[in-house]
Amino acid sequence: MVAGFVPPFAATGWAESGRSPVDLVNPFIGTSGQSATEYGGMIPSTAPPFAMTRWSPMTRQNYVSRTPYHYDDTKISGFIGTHQPAIWMGDSGYVAGMPGVGPVKTSADDRALPFSHADEHAAPDRYSVQMQAGPGRTLKTEMTATSRVGLLRTTYPQGVDTHFVVQATRAGVTGNVHVDPAAREVTGYNPDRQDGNLGPFRAPNFKGYFVARFDTGFDSYGTATGATLHEGQSARTDGDVSAYVRFPAGTRTVQVRIATSFISLQQARANLAAEAPDDQSFEKTAGKTRTRWNQKLDQVRLRGATADQWALFYTSMYHALQYPSENSEQGRYYSAYDDKVHTGVSYTGYSLWDTYRAENAFLTLFAPERIDGMVTSMLHDYQEGGWLPMWKNITETNIMVGSNADSVIAEAIAKGFTGFDRKLAYEAVYKDAMTPPDKDTELLYYDRQEGTPVEARAGLTYYKQNGWVAAERTAESASRTLDYAYEDWAVAQVAKAVGKTDDAEMFLKRSANYKKLYNPATGFMQARFRNGWWASGGWTEGDQWVYTLDVLHDVPGLMDLMGGKEKFASWLDRYFDGGHNNHTNEPSHHSAYLYNDAGRPWKTQEMVRRIAAANYANRTDGLSGNDDCGQMSAWYVLSSLGIYPVNPASATYAVGSPFFDRAEVRLPAASRPLVISASGAATKQYVQSLSLNGRAITTPTLRHADLLQGGRLRFAMSDTPQSWGASPTPPQGVAAR
């Protein structure tokens, strides 16, 4: 599949075509863009949903702000087992392998081979490419994966010397490789954590272990440091270290299975035996991974979609079903918080500032079997590191702001999940809300500041005193204040659930602190100094326009501050007409849905369609911003179905404008499918009426419990604005029902 990928059938429903939904995914979406960093930041990875290790072709060395694959690159230097969760995060404990012909070349630049996208195929369950290995020679590599094992099958050209390089570490990182010809294995470890300079947890014993087992014996072997070969050496601990093996003359096809572990080499071998045993073929492993993806993607069947919409929808699901990623291995996990191995479940890749908005809601719908484990994992982090995660990439990195795990826990409780310790959960969110981080009045806690304790709610000391984070004391103070107000509301919901009614009342009162940032003289939210004077700046990846709307839990209260519904609606008009909405970043993702609260749902419907058209496309540059562990993609999936969680912890969804004539949604927690019908949606973006199982829905809100009923959610669509769900007296030009 290349940039212009089109499904090879008419858009009449994949089931009728005999095709599988996994074939609709275009993994190249989001792999390029005009900016070096501000694009989708995606890779065409192969692995099951929520895999611990994802496998990708490597066209460049990845690090913070750079992923291992970019569509515009022309050479492949390896196939990497990566744990990099997002473009602005680092990789950890990665391993790479690369086949080659002729003299052994071990440095990434020297071993790289050119390729053409015409000879490249990517899907969630497998990847293949033919590389140019000299005049008239092609070297084909196919790749599939389980959660913890990557399988590479290489077909070498005839009449050449063949070899394979396993790279453990890069320059400046000391790792280990060991070649065992009798076992046909290369083993080793990589201790690199590219985010290791962030957060307080050093994790001195962290390692990414690997066991690479070949199906072909070795003719000779050695180790290497950079481009320097150490012929015949079977083991080496060094920087920029790799190992290489040569195969007997006449070898054409070689398969290697590379198992990974954060626990030990023994555990890597156990992962190999459990997930890709010696007697399991490449095709059987790929088939199992394909089945797992089809089981997830098959939860939604569409009709009335264009070819591009097919690709966008199922690719968005593919993206959103990757994180958080598994961190536990056969009931055990390594914790980088306390540098120990524990029993239980663990996940990593918690980009919570991004994902609490819609990605987590997407998971509660489409992967509810994971939610209890994901919450339990965060509680393990709390027990081992003292706090709930902010941005966990193996361990806490202190990136972004807010204690957004509070919202995720409150959402799980509101939606009826019970498989985690609620008492411990309240203890954890209560600490977030009440305990300032160490050195709270001494450190600014600016973005990616090194040498800081766990950031938690930085600036909480003055927030508790005054009701806002002091601008001169704490970086990004205005965004933090608004986030803390919402998170207080979320904590109040957890308090109610565990019977802490006095606490709940206190936190609900505190959740109104957003009002203290509203400057009536300007009509915007604004940072404040400790003494109450207005300050400038203080925003996290946004501005005063975006953040004035950042009151997820009390939109009626925000409208009152701004003069009521009419003035709020006019403010939204200026916001959108003036180009202030920035869908490339998360704080604005809910903004279009606020027209519902202003009594203008038809404008929500217009804006959602407009945002989708402007920011998503079936091209390699088809994501306008970083996907950020599924948040951009989750927005598209949910919005295309006609819903969005403005306040995720409320277990409600704002109603928008469905994109398709029909979507049959088979939610795992529902007793029957939910059929969302919106006849003519392609040309009719306005909602004229809505009913659920024959019951009229008159306001643009649906409950999570409503969706779990299943049945029929019927939208009557129109090509002109309608007054459904609007204020009692619709404006002139809007059709009454």
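Three helices, α6 (352–355), α7 (359–366) and α8 (368–385), each supply at least two residues of the lining of the second largest cavity; helices here are DSSP runs of H or I with at least four residues, strands are E runs of at least two, and both are numbered from the N terminus. The model is predicted, so local features need pLDDT of at least 70 and side-chain atom pairs pLDDT 80 or more, while totals for chains, interfaces and linings use all residues. Residues are numbered from 1 along each chain as its sequence is written, and side-chain values use heavy atoms, without hydrogens or water.

A cavity is a set of points on a 1 Å grid, over the protein atoms alone, where a 1.4 Å probe fits but cannot get out; lining residues have an atom within 4 Å of a point. In this second largest cavity, 13 residues form the lining, and Pro324, Tyr350, Leu352, Asn360 and Leu363 lie nearest the centre. Its space is about 110 Å³, where volume is the space filled by probe spheres set on the grid points, joined across faces, edges and corners.

I turn to the aromatic rings. The structure holds 32 aromatic pairs, meaning Phe, Tyr or Trp rings (for Trp, the six-membered ring) with centres within 6.5 Å; planes under 30 degrees apart are stacked, over 60 edge-to-face, and the rest tilted. Phe28 and Tyr69 have ring centres 6.2 Å apart and planes at 35 degrees, so this pair is tilted. Both Phe28 and Tyr69 are buried, that is, under 20% relative accessible area with a 1.4 Å probe and protein chains only.

Conventions
1 Å grid on protein atoms, 1.4 Å probe; cavity = no way out; pocket = protein on both sides within 12 Å on 5 of 7 lines; lining within 4 Å. Buried < 20%, exposed > 50% of the residue type's maximum accessible area, 1.4 Å probe, protein only.
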